[in-house]
Amino acid sequence: MFALFDDAGKFQAGRVMSEADSSMQIELDSGKRVKVKTANVLIKFAKPAPAEVLAQGAAMAADIDVDLVWEVAPVDEFGFEDLASEYFGASPDAVQHAAMLIRLFETPHYFHRRGKGRFRKAPEDILKQALLAIERKKQQALQIEQWATDLAAGACPQPIREQLYKILFKPDKNGPEYKAVVEAAKRSQRAPLDLLKDAGAIDSPYQFHWKRFLFENFPKGTGFPPLEAPPIKDELPLASVQAFSIDDSMTTEIDDALSVQGLGTGTVTYGIHIAAPGLAIQPGSAVDQVARGRYSTVYMPGHKITMLPDEVVQRYTLLEGRDCPAVSLYVSFDEATLERKSSETRLERVPIAANLRHDQLDTVITEASLTGEAPASYAFAAELAFAFRLARHLKAQREVVRGKPENFNRPDYTFKLLGAGGENTMSDGIEPAGSEQVVIGTRQRGAPLDLIVAEAMILANSTWGGWLAELGVPGIYRSQASLQPGIKVRMGTKALPHAGMGVAQYTWATSPLRRYVDLVNQWQIVACARNGRTAALVAPFKPKDAELFSIISGFDGAYSTYNGFQSSMERYWTLRYLAQNQITELDCAVMINGLVRADTLPLVFKAIGADNLPRHSRVRVRVTGVDELTLDVHASVVARLDEAQAVEGDTEADEADEALDNAGPLTLAIDVTDADTPATPNPEA
């Protein structure tokens, strides 16, 4: 006697060796003996052999007309034996019984399982839905097959092109587009990015980086909804100053300006004037929601995405020739000793006498002219001379607290993109195409005009931070516990020391047109200026306000992403610069882990042969290739330019730069090991 039984959803058959009330001992063709519950035994038969029953039953099952079987099946629950008798005749044999069992079991959309060998036919409406789903899946499998074939042949189907960035970075792994790319990559044994690039899915490396950033951060585009800049309703007094701003020529969001009063009197009042959108824009308003949705202006070579629309910015920017609403900090200093005497914050209108542009004046307003060693034939010469003297004094004071001088041994790099006609793309507001001529220049860190502005902003941000804390009004602070390696700058709502800056507390409140936390802090500062000791009662944000922590979290993530994108795009244009100028060798300094830093370009990359060299060694590196898509540089050391020597370096600066370096491989979310894409469609899968 033989028996066919259900072994956890798999049908097996063998010889019955013994039988008890509730179980059987069955020997399989392999010789293995298994104990089977009697309830799991579905067919007992004397012939043919078990293997033949399974093989012939499976073959016969494929020929059974499942639609006909569904039509004749009873409405109520039934056993497979009953349907076998109905379909094959009164006395079906073991093979026919097995065939019907297998056919019913493998078509669950027609017949719902109700127990061992028991079934019930699906209602007509449910069956129709199931058949439609199967047909859709079949067509999808055929589509995946066609798309994979096209990709492997070097042609990119339009649906895949349209979902390129979703497939690579935020894929729906059940989507047919994703499955087609995985299948094509497996067949061609190529990396997905190379496959898609060669199939024409990527228009250009520049567009790849740009559109990827937009996909991840601006999925609805960079445009603004219709917005009207709210007017400032306060009756503000007119300040008796002539203020000037110092910015790059391409800056449209002019947040800050300076003024100097009282030269020659023994007491000088230094004014730091910040644009005051916070006097008009209210928390929760439409303009505020747009600003909070972006958190910051995004910068990149040749282009920027502003936090606020230009028509709003122009309403509050500190434009030359206008009396502009401002939040002003006035700090009085002894003219001879530069001892600080007092400070005061005012809400007022400030006459902006000039918008100075440092890229036009760096060669004119020099350290020599500011210190009297050379003629100073430019506007605001006396004011700038005092501001420079004060800036150096403030910097020296901070360095005492900091415990070490700030290191300005590396320059800041500037990028200018020139169109076909030689025009600067930044001035026309048009997105770069990626093929422009790039000009990379340098500005020495700590240049006089830079130092003036930087120290004035540090003075304002630290003073206002202390004032907020004194009045019990919460703000958003940046702090750093120490300069030890690994101790990072953090944002929070407590006024804590900033070791890197060398100040007791530090806020961001001087760029409210381009950074959202500055706008938030300005609201708090305005409340203090209006209400003094009672400001905590009326300020928009109260102590331990959960909304402040939400803003910090959102801003931190966005600002980090934006800075990473800016670094990536600067790296892209640096690689373009190498190609455009046919540069194949660079003099570099060795860092760690095989990294080298180019002397004359903002470029850090790995070079073969640098791993075992001491840090700060001077080497010449040959560039053998670059990949503008992954931003990789292929290079090797060809010569040592100095003798081995230990050089003390700025450890924390190196580590920060290494953390921001974008030399690593591009990280994709696509996984070619995904194995759920059938090579050929199964109509009933």
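## Salt bridges

In this predicted model, the side chains of Asp518 and Arg515 meet in a salt bridge with an N to O distance of 2.8 Å, where a salt bridge is a side-chain nitrogen of Lys or Arg within 4 Å of a carboxyl oxygen of Asp or Glu. Asp518 and Arg515 are both buried, a class that covers residues under 20% relative accessible area, with exposed meaning over 50% and partly exposed lying in between (1.4 Å probe, protein chains only). Salt bridges with shared partners also join Glu145, Glu183 and Arg187 into one network. The structure holds 30 salt bridges.

Glu253 forms another of these salt bridges with Lys304, and the closest N and O atoms of this pair are 3.3 Å apart. Because Glu253 lies in the loop between β9 (243–247) and β10 (256–261), while Lys304 belongs to strand β13 (residues 303–305), the pair ties together parts that are 51 residues apart in sequence; both Glu253 and Lys304 are buried. The elements named here are DSSP runs numbered from the N terminus, helices being H or I runs of at least four residues and strands being E runs of at least two.

## Basis of the values

Residues are numbered from 1 along each chain as its sequence is written, and side-chain values use heavy atoms, with hydrogens and water left out. As the model is a predicted one, local features need pLDDT of at least 70 and side-chain atom pairs count only at pLDDT 80 or more, whereas totals for chains, interfaces and linings use all residues.

## Arg398 and Gly502

Arg398 forms a salt bridge with Glu406, in which the closest N and O atoms are 3.1 Å apart, and Arg398 is buried, with a relative accessible area of 5%. Arg398 is also touched by Gly502, whose contacts include Val401 and Arg402 as well, not counting residues up to four places away in sequence; contact here means heavy atoms within 4.5 Å.

Gly502 itself has its place in the loop between β19 (490–492) and α18 (516–531), and at 9% relative accessibility Gly502 counts as buried. The C-alpha atoms of Gly502 and Gln397 are separated by 8.2 Å, although these residues are 105 residues apart along the chain.

## Packing of α10 and α20

The axes of helix α10 (residues 205–217) and helix α20 (residues 546–580) come within 11 Å and cross at roughly 175°, the axes being lines fitted to C-alpha atoms, for helices over the stretch in contact, with angles that run from 0 to 180 degrees between N-to-C directions. The two helices α10 and α20 are therefore roughly antiparallel to each other, since angles under 35 degrees count as roughly parallel, over 145 as roughly antiparallel, 65 to 115 as roughly perpendicular and the rest as oblique. From α10, Pro205, Tyr206, His209, Trp210, Phe213 and Asn217 meet Thr561, Tyr562, Phe565, Met569, Tyr572 and Trp573 of α20. By class, this contact of α10 with α20 has 9 nonpolar, 3 polar and no charged residues, where Ala, Val, Leu, Ile, Met, Phe, Trp, Tyr, Cys and Pro count as nonpolar, Asp, Glu, Lys and Arg as charged, and the others, Gly among them, as polar.

Gln207 also lies in helix α10 and, at 17% relative accessibility, counts as buried. Setting aside residues up to four places away in sequence, Gln207 touches Tyr165, Arg212, Pro432 and Ala433.

## Backbone features in loops

The peptide bond from Lys47 to Pro48 is cis, with omega near -5°, and Pro48 is found in the loop between β5 (41–45) and α1 (50–63).

Lys544, although not a glycine, has a positive phi of about 60°; this residue is found in the loop between α19 (535–538) and α20, and Lys544 counts as exposed at 80% relative accessibility. Leu631, likewise not a glycine, has a positive phi of about 65° and is found in the loop between β23 (618–627) and β24 (632–640), but Leu631 is buried, with a relative accessible area of 5%.

## Cysteines and Ala141

With a disulfide taken as a pair of cysteine sulfur atoms within 2.5 Å, the count comes to 0 disulfides. Cys156 counts as buried at 13% relative accessibility, and Cys324 counts as buried at 1%.

Ala141 is found in helix α5 (residues 124–152) and counts as buried at 10% relative accessibility. The C-alpha atoms of Ala141 and Lys179 are separated by 9.4 Å, with the two residues lying 38 residues apart along the chain.
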